[in-house]
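Good morning, and thank you for making the time. Please look at the sequence and the structure first, and I shall then go through selected side chains and their surroundings.

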Amino acid sequence: MTNILINGKPLADMGVVMLAGSYAELMKPAQVKNYIENDDPNKHGVEVDATDPPKLKQRELTLKFLIQGNSKAQFLQRKAAFENMLYQGAVTLYVPDMEEYFHLLYVTVTQYGNYRLNACDMAVKFKEPDPTNRSV
């Protein structure tokens with residue numbers, strides 16, 4: 001994986017890497033919104049307006065990260081900095097391999113594993129309000 005940016009900062013400079021499975025999560029297609037339907041009681045079935053392409057729903061993504069430090073102090077500082085970035089709410093993730101920006105909103109950490117106060121992994125849940133927005 002090349003150097004991914006989060007809010008313009010390289011993850012690697014923060015001692016953070018995105019873990020396996022995250023690319024697949026980012027590439028997963030969004031669901032479509034419901035079609036406009038008319039359930040006229042005087043007609044069989046329902047009328048569906050499929051003249052326009054369907055619009056996409058917001059996505060929920062869970063991305064996995066590993067945070068590492070060379071010492072307890074460095075790890076704790078990096079972990080706090082990463083969490084503070086998440087707590088800003090809006091997160092822009094740029095993945096050079098995919099040449100795409102992802103505009104995400106932090107929701108919560110769904111899994112957390114700690115490794116002797118020098119590393120941890122966390123699964124971070126995000127919402128992507130508009131899965132078609134891939135611009136800067």
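I begin with a backbone contact: a polar atom in the side chain of Arg 59 lies 2.4 Å from the backbone oxygen of Lys 28. Please bear in mind throughout that this is a predicted model. Arg 59 belongs to strand E6. Is Arg 59 buried or exposed? At a relative accessibility of 6%, Arg 59 counts as buried, because the limit for that class is under 20%.

The side chain of Arg 59 also makes a polar contact of 2.6 Å with the side chain of Glu 128. Beyond its neighbours within four places in sequence, the contacts of Arg 59 include Glu 25, Leu 26, Met 27, Lys 28, Pro 29 and Ala 30. Phe 102, Phe 126, Lys 127, Glu 128, Pro 131 and Arg 134 are also among the residues in contact with Arg 59.

**The salt bridges**

How many salt bridges does the structure hold? There are seven. Let me take the network that contains Arg 59. Salt bridges link Arg 59, Glu 100, Glu 128 and Arg 134 in a network. Within it, the side chains of Arg 134 and Glu 128 meet in a salt bridge with an N to O distance of 2.3 Å. Glu 128 is buried, with a relative accessible area of 0%.

Arg 134 also forms a salt bridge with Glu 100, where the closest N and O atoms are 3.7 Å apart. Arg 134 is in the segment after E9, while Glu 100 is in strand E8, residues 100-115, so this pair ties together parts that are 34 residues apart in sequence. Glu 100 is partly exposed, its relative accessible area being 26%.

Another salt bridge joins Glu 60 and Lys 125, with the closest N and O atoms 3.3 Å apart. Which parts of the chain does this pair link? Glu 60 sits in strand E6, residues 59-68, and Lys 125 in strand E9, residues 119-128; these are distant parts of the chain, with the two residues 65 apart. Glu 60 is partly exposed at 42% relative accessibility, and Lys 125 is likewise partly exposed, with a relative accessible area of 24%.

I turn now to the nonpolar side chains. In soluble globular proteins, such side chains tend to be buried together. The largest nonpolar core here has 26 residues, of which Leu 26, Phe 65, Phe 82 and Leu 93 touch the most other members. Two or more residues of this core come from each of strand E3 (16-18), helix H1 (22-27), E6, helix H2 (72-87), strand E7 (90-95), E8 and E9.

Which residues does Phe 65 touch, leaving aside those up to four places away in sequence? Leu 11, Val 16, Val 17, Met 18 and Leu 19 are among them. The list for Phe 65 also includes Phe 82, Cys 120, Asp 121, Met 122, Val 124 and Phe 126.

Leu 86 is found in helix H2 and counts as buried at 1% relative accessibility. Apart from neighbours within four places in sequence, Leu 86 is in contact with Val 91, Tyr 106, Val 124 and Phe 126. Between Leu 86 and Ala 123, which are 37 residues apart along the chain, the C-alpha separation is 12 Å.

Val 46 is partly exposed, with a relative accessible area of 41%. Not counting residues up to four places away in sequence, Val 46 touches Glu 37, Asn 38 and Asp 39.

**Two backbone angles**

Glu 99, although not a glycine, has a positive phi of about 55 degrees. Glu 99 lies in the loop between E7 and E8, and at 64% relative accessibility it counts as exposed. Leu 117 has a phi near 55 degrees, again a positive value in a residue other than glycine. Leu 117 is placed in the loop between E8 and E9 and, at 35% relative accessibility, counts as partly exposed.

Definitions and conventions
Residues are numbered from 1 along each chain as its sequence is written. This is a predicted model: local features need pLDDT of at least 70, side-chain atom pairs count only at pLDDT 80 or more; totals for chains, interfaces and linings use all residues. Side-chain values use heavy atoms; hydrogens and water are left out. Buried means under 20% relative accessible area, exposed over 50%, partly exposed in between (1.4 Å probe, protein chains only). Contact means heavy atoms within 4.5 Å. A salt bridge is a side-chain nitrogen of Lys or Arg within 4 Å of a carboxyl oxygen of Asp or Glu. Helices (H or I, at least four residues) and strands (E, at least two) are DSSP runs, numbered from the N terminus. A nonpolar core is a set of buried Ala, Val, Leu, Ile, Met, Phe, Trp, Tyr and Cys residues joined through side-chain atoms within 4.5 Å. A polar contact is a pair of N or O atoms within 3.5 Å; within protein, one must be able to donate a hydrogen and the other to accept it, and residues adjacent in sequence count only if both atoms are side-chain atoms.
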